[in-house]
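Please look over the structure below before reading on. The text then walks through it, one element at a time.

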Amino acid sequence: MNMQKLMKEAQKAQRKMAEIQERLADMTVEGTAGGGMVTATATGDGNISAVKIDPSVVDADEIELLEDLVMAAVNEAQRNAKELQERELGSVMGGMGGLGGLGGMF
């Protein structure tokens, strides 16, 4: 593969990755904890956009439990967002096998 063709392929992949990153910002994933008592929603780029808490969970004596549930739900939402990113970006990077080590540049 000549250098000019290689650069064109790299630019094409970079544009496609930028498009996917834009789409990820519009996609959402959820994580739950406590059997659905706490739900966290994250955008595909990993930003937490909402946390919902079932009213039955709120009790002054159980604030530590609530904090743990929120943390668990947020962590799950972020893991799901990372998986979504890997899935979406993997489709672009998978097609760049012929670029050798250049795939890590993007």
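Is Val51 buried, partly exposed or exposed? Val51 counts as partly exposed, because its relative accessibility is 41%. Here buried means under 20% relative accessible area, exposed over 50%, and partly exposed in between, with a 1.4 Å probe and protein chains only.

This is a predicted model: local features need pLDDT of at least 70, side-chain atom pairs count only at pLDDT 80 or more, and totals for chains, interfaces and linings use all residues. Residues are numbered from 1 along each chain as its sequence is written, and side-chain values use heavy atoms, with hydrogens and water left out.

Stay with Val51. Its place is in strand 3. Helices (H or I, at least four residues) and strands (E, at least two) are DSSP runs, numbered from the N terminus. Together with Ile48, Ile53 and Val58, Val51 forms a nonpolar patch on the surface. The accessible area of the four together is about 310 Å². Such areas come from the Shrake-Rupley method with a 1.4 Å probe; for residues, only the protein chains shown count as cover. Patches are made of residues with over 30% relative accessible area and no salt bridge; like charges are joined within 9 Å, nonpolar side chains (Val, Leu, Ile, Met, Phe, Trp, Tyr) within 5 Å.

Now turn to the other strands. In a regular strand the side chains alternate between the two faces of the sheet. Strand 1 shows the pattern: Val29, Gly31 and Ala33 point to one face and are buried. Strand 1 pairs with strand 2 in the antiparallel sense, over six bridges. Two strands pair if DSSP finds at least two bridges between them. In this pairing, Gly31 stands opposite Ala40 in strand 2. The hairpin has four residues between the strands, and Gly34 takes a positive phi near 65°.

Thr39 lies in strand 2. Thr39 is buried, at 15% relative accessible area. Its contacts, meaning heavy atoms within 4.5 Å, include Gly31, Val51 and Ala73, not counting residues up to four places away in sequence.

Next comes helix 2, residues 63-93. Its 31 residues reach 44 Å from first C-alpha to last, close to the expected 45 Å. That expected span is 1.5 Å times one less than the number of residues. Buried residues of helix 2 include Leu66, Leu69, Ala73, Ala77 and Glu88. The buried set packs against helix 1 (3-26), strand 1 (28-33), strand 2 (38-43) and strand 3 (48-53). Met93 is also in helix 2. Met93 counts as partly exposed, at 25% relative accessibility. Its C-alpha is 9.7 Å from that of Gln14, 79 residues apart along the chain.

What about charges? Side chains of opposite charge can pair when their charged atoms come close. The structure holds two salt bridges, each a side-chain nitrogen of Lys or Arg within 4 Å of a carboxyl oxygen of Asp or Glu. In one, Glu88 meets Arg23, with the closest N and O atoms 2.5 Å apart. This pair links distant parts of the chain: Glu88 in helix 2 and Arg23 in helix 1, 65 residues apart. Glu88 is buried at 16%, whereas Arg23 is partly exposed at 43%. Lys82 and Glu86 also meet in a salt bridge, at 3.6 Å from N to O. They are four residues apart in helix 2, so about one helical turn separates them. Glu86 is partly exposed, with a relative accessible area of 47%.
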